[in-house]
Structure formats: C-alpha cells, structure tokens
Amino acid sequence: MTSLRVLGVDPGLTRCGVGVVDVARDRSAALVHVGVVRSDVELPIERRLATIAAGLRAVIAEHQPHVVAVERVFAQHNRSTVMGTAQASGIALLVAAESGLDAATHTPSEVKAAITGYGSAEKLQVQTMVARVLRLDSLPQPADAADALALAICHAWRRGVGGPASSSGTAALTPAQLAWADAERLARR
C-alpha cells in the first residue's frame with residue numbers, strides 16, 4: 001500500500017463532520033473528500049441516528065477508506081451535548097465495524113497535538129495547519145469538517161505512516177509526535 005486512506009469523523013448529532021484523506025509514507029496528505037452529515041433537530045432521536053449512519057455508509061461506499069478515526073467523547077459541561085456526541089460516535093464506530101473497517105478514537109487534545117504540536121491549540125490554528133498539510137487554498141469549512149480532516153491526518157501520523165511502523169526509524173515524525181510517543185511509552189509502564 002502506497003498510502004493509507006482514512007475517514008475522520010467528528011461526531012455530532014446535528015452536524016457530523018466527515019473527512020477522507022490519503023496519507024503517504026512520507027507523511028504527505030491529500031484531500032479526498034470533506035463534508036458534513038446533517039440531521040434535522042425536529043426528527044426523533046432514532047431517525048437522526050439513522051440519518052447519520054446512512055450518511056457515513058454513503059461516504060464509506062464512495063471513498064473506500066482503509067480505516068475510520070473518530071473523535072473520542074470527553075466530558076463536557078453540557079450533558080445533552082455530550083450525549084448527542086456520544087450517540088453519534090457510537091454510530092460511527094458501528095458503521096465502521098459493519099463495513100469491516102478498523103476504527104480508532106482520538107481525543108481532541110491528541111488531534112491538536114499531532115496537527116499543531118500543541119494540545120490546547122485553538123480551532124483556527126487547527127484549521128490553518130490542516131489547510132497547510134493538505135495544501136488547500138482556503139481553510140476547510142465548516143469547523144466540524146476541518147476537525148474530521150484533522151482526525152484523519154492525526155490517525156495516520158500516530159499510526160506510524162511514514163514513522164516507525166512503516167520505516168526503520170523515527171526521522172519522519174515531528175518533534176511533537178516524538179514527544180507524544182515518549183509520553184505514551186512512559187504511561188504504559
């Protein structure tokens with residue numbers, strides 16, 4: 001395989017960001033698809049989740065990713081927001097499994113650290129770096145879609161595309177990625 005095709009999913013009940021990227025062994029990335037799956041707030045929850053599932057299935061069928069990366073749900077102050085995000089996240093993981101695809105989750109700070117080198121980066125910083133990595137003429141919009149692209153890139157880079165898993169050394173990793181790998185290694189002790 002010359003590149004890894006990753007579907008990134010920024011789960012949300014009203015807007016579920018989706019982004020597909022191809023990441024080569026040299027860690028260069030190319031945009032394949034970006035968009036948002038929307039569900040109507042007036043629909044019952046089961047219909048909204050079915051809408052999200054159908055949208056994700058359509059993206060998978062059209063773009064044939066190798067793996068799915070989903071934002072890991074974390075505690076938020078607004079319980080209704082975290083519930084919708086968790087439900088959409090579960091749908092994304094289910095659709096990946098139904099499609100025979102491996103899936104992984106990454107926290108927002110992991111994604112920010114992988115893309116910008118700083119785990120507390122602002123949304124604009126993430127969008128700017130995603131545009132730079134993908135060589136886009138403008139920032140990816142909306143923010144949900146940009147976050148999905150960042151998730152996809154993060155997953156490929158953290159998985160080791162162009163790094164230790166696909167080459168003999170770590171020279172292709174950024175300083176932030178090397179620091180993250182060291183922190184993960186220490187946390188496993």
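**Notes on the model**

Ser3 is partly exposed, at a relative accessible area of 22%; buried here means under 20% relative accessible area, exposed over 50%, and partly exposed in between, with a 1.4 Å probe and protein chains only. This is a predicted model, in which local features need pLDDT of at least 70 and side-chain atom pairs count only at pLDDT 80 or more, while totals for chains, interfaces and linings use all residues. Residues are numbered from 1 along each chain as its sequence is written, and side-chain values use heavy atoms, with hydrogens and water left out.

Back to Ser3, which sits in strand S1. Helices (H or I, at least four residues) and strands (E, at least two) are DSSP runs, numbered from the N terminus. Leaving aside neighbours within four places in sequence, Ser3 is in contact with Asp22, Val23, Ala24 and His66, where contact means heavy atoms within 4.5 Å. Ala29 is 26 residues from Ser3 along the chain, and their C-alpha atoms are separated by 8.9 Å.

Now the chain as a whole. The protein chain has six helices and five strands, in the order β-β-β-α-β-α-β-α-α-α-α. There are 189 residues, and 44% of them count as buried. Of the contacts between residues at least 6 apart in sequence, 60% join residues at least 24 apart. The accessible surface is about 9,600 Å², with 54% of it belonging to carbon and sulfur atoms; areas come from the Shrake-Rupley method with a 1.4 Å probe, and for residues only the protein chains shown count as cover.

Next, helix packing. At what angle do helix H3 and helix H5 pack? The angle between H3, residues 108-116, and H5, residues 143-159, is about 75°, and their axes are 9 Å apart. Axes are lines fitted to C-alpha atoms, for helices over the stretch in contact, and angles run from 0 to 180 degrees between N-to-C directions. H3 is therefore roughly perpendicular to H5, a label for angles of 65 to 115 degrees; under 35 counts as roughly parallel, over 145 as roughly antiparallel, and the rest as oblique.

On the H3 side, the residues in this contact are Glu110, Val111, Ala114 and Ile115; they meet Ala150, Leu151, Ile153, Cys154, Trp157 and Arg158 in H5. By type, that is eight nonpolar residues, no polar ones and two charged. Here Ala, Val, Leu, Ile, Met, Phe, Trp, Tyr, Cys and Pro count as nonpolar, Asp, Glu, Lys and Arg as charged, and the others, Gly among them, as polar.

The buried residues of H3 include Glu110, Val111, Ala114 and Ile115. An α-helix has 3.6 residues a turn, so residues three or four places apart point the same way. Beyond its neighbours within four places in sequence, Cys154 is in contact with His106, Glu110, Val111, Ala114 and Ile115. H3 is followed by Gly117, whose phi is positive, near 90°.

On to the cores. A nonpolar core is a set of buried Ala, Val, Leu, Ile, Met, Phe, Trp, Tyr and Cys residues joined through side-chain atoms within 4.5 Å. The largest has 23 residues, and those touching the most other members are Val6, Val21, Ile115, Val130, Leu134 and Ile153. Elements that give two or more residues to this core are S1, S2, S4, H3, H4 and H5, and the largest share, eight residues, comes from H5. Leu134, setting aside neighbours within four places in sequence, is in contact with Val21, Ala29, Ala30, Leu31, Leu149 and Ile153. A second, separate core of 21 residues includes Leu7, Val37, Ala96 and Leu101.

Last, some backbone details. Which peptide bond is cis? The one from Gln141 to Pro142, with omega near -10°; Pro142 lies in the loop between H4 and H5. Arg135 is also found in the loop between H4 and H5. Arg135 is not a glycine but has a positive phi of about 55°, and at a relative accessible area of 58% it is exposed. Arg27, in the loop between S2 and S3, likewise is not a glycine and has a positive phi, about 75°. Arg27 counts as buried, at 12% relative accessibility.
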